[in-house]
Amino acid sequence: LSEELGQAQKMEAVGRLAGGIAHDYNNLLAIILNYTSLVIEELDEQSPVQKDLAEIKRAAQRAASLTRQLLTVSRRGLAQPVVLDLRDVVRGMDGALRAAVGGSIDLAIALGPSACRVLADAGQLEQVVMNLALNARDAMQGGGRLSIEARAVRVGAAGSLHDAHPAVPPGRYARLVVSDTGSGMCDDVRTRAFEPFFTTKPRGKGTGLGLATVYGIVKQWHGHIELASQPGQGTRVEIYLPLSARGASSRRARAAHQRRAAP
Ligand code: ADP
C-alpha cells in the first residue's frame with residue numbers, strides 16, 4: 001500500500017510541476033507538427049528525406065500525446081483550499097508514514113496542544129509531509145530517528161523564536177518540523193536541494209521533484225521553509241504556514257455563541 005501511495009504522490013508531484021510547462025510545450029509541438037506536415041506535402045513523394053520527416057512527425061505526435069496526459073494529471077491535482085488543522089493532517093498519516101519509512105526507522109510524531117488551523121489543500125499538505133518523510137528515510141539507510149512535529153508557534157514577540165528565524169516574518173504560524181538523523185547534506189547539495197530535477201539519488205530512484213514540490217506548495221499558501229543540514233548530522237526542515245484568521249475568527253464566533261447560549 002505504501003509503495004502505491006508513494007507512487008501516486010510522486011505522480012501527482014510530477015504532474016503538478018509538469019502541468020505548468022506542458023501547456024507551453026504543447027504550443028511548441030503544434031508548431032513542429034504543422035511545419036513538418038507542410039514540408040512533407042511540399043517535398044516530392046520520392047524524396048529520400050520523406051522517411052526522416054515521417055519519423056519527426058511521429059515523435060512530435062507522441063510528445064503531444066504525452067503532454068496532453070500530463071495536463072490531465074496536473075488538472076486533477078488542482079488545489080482546493082479549506083481551513084484545516086495541520087495536526088489532523090499529520091495524525092491522519094500515522095499509518096501511511098510508518099508503512100513508508102519501514103521498521104528500521106524510529107518514527108516519533110509530536111502534536112502541539114493548540115489548534116494549527118491553516119488555509120491550504122489537505123492533499124497537498126499530505127504530499128509535503130510524505131515527501132519530507134521519504135527523503136528522511138532515504139537518508140537513513142542504516143536506520144535512525146525521524147521526528148515529525150506540528151504545533152502552533154508565535155514568531156516575533158519578545159523572547160520568541162524570531163532571533164533564530166530571521167527569514168520568517170513575525171506572526172502566528174502552524175509549524176511543521178521534519179527532522180532526521182541521517183546522512184545530512186554538504187553545502188553544494190543543500191544550496192541546490194530545492195531545485196527542480198536536482199537529485200543525488202541513482203537513476204530511477206530520485207526525480208529531484210520532491211523538495212521543489214514541497215517548496216511550491218509552501219509558497220502557494222504564503223508559508224516559509226527553512227532547511228538545516230550538516231553531513232553526518234542529519235537534516236531538519238521547518239515549515240511555517242500562517243495561522244488562518246478565518247479559523248481563529250470562527251473559533252471566537254463559536255466561543256461568543258457559547259457565551260450567549262450559556263444561562
Ligand atoms: P529526490 O528525493 O527525488 O532526489 P528531492 O528534491 O526531494 O528529490 O531532494 C533533492 C536532493 O536533496 C536529494 O537527492 C538529496 O541529495 C537531498 N536531500 C533531500 N532531503 C534530504 C534529507 N532528509 N537528508 C539528506 N539529503 C536530502
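Mentor: Let's start with a term: two strands pair if DSSP finds at least two bridges between them. Helices (H or I, at least four residues) and strands (E, at least two) are DSSP runs, numbered from the N terminus. This is a predicted model, where local features need pLDDT of at least 70, side-chain atom pairs count only at pLDDT 80 or more, and totals for chains, interfaces and linings use all residues. Residues are numbered from 1 along each chain as its sequence is written.

Trainee: How do you know that S5 and strand S7 (residues 234-242) pair?
Mentor: DSSP must find at least two bridges, and S5 and S7 have eight, in the antiparallel sense. They therefore count as paired.

Trainee: What makes strand S4 (residues 144-155) a partner of S5?
Mentor: S4 and S5 share 10 bridges, also antiparallel. Val155 stands opposite Gly171 in S5.

Trainee: Why is strand S5 (residues 171-180) called largely enclosed?
Mentor: A residue is buried if 20 or more other C-beta atoms, placed from the backbone, lie within 10 Å of its own; 12 or fewer makes it exposed, and in between is partly exposed. Seven of the 10 residues of S5 are buried, so the rest of the structure largely encloses this strand.

Trainee: Which residues of H7 are buried?
Mentor: Among them are Gly210, Leu211 and Ala212. His222, with a positive phi near 60°, follows H7.

Trainee: Which helix gives the most to the shell around the ligand?
Mentor: H5 does, with four residues.
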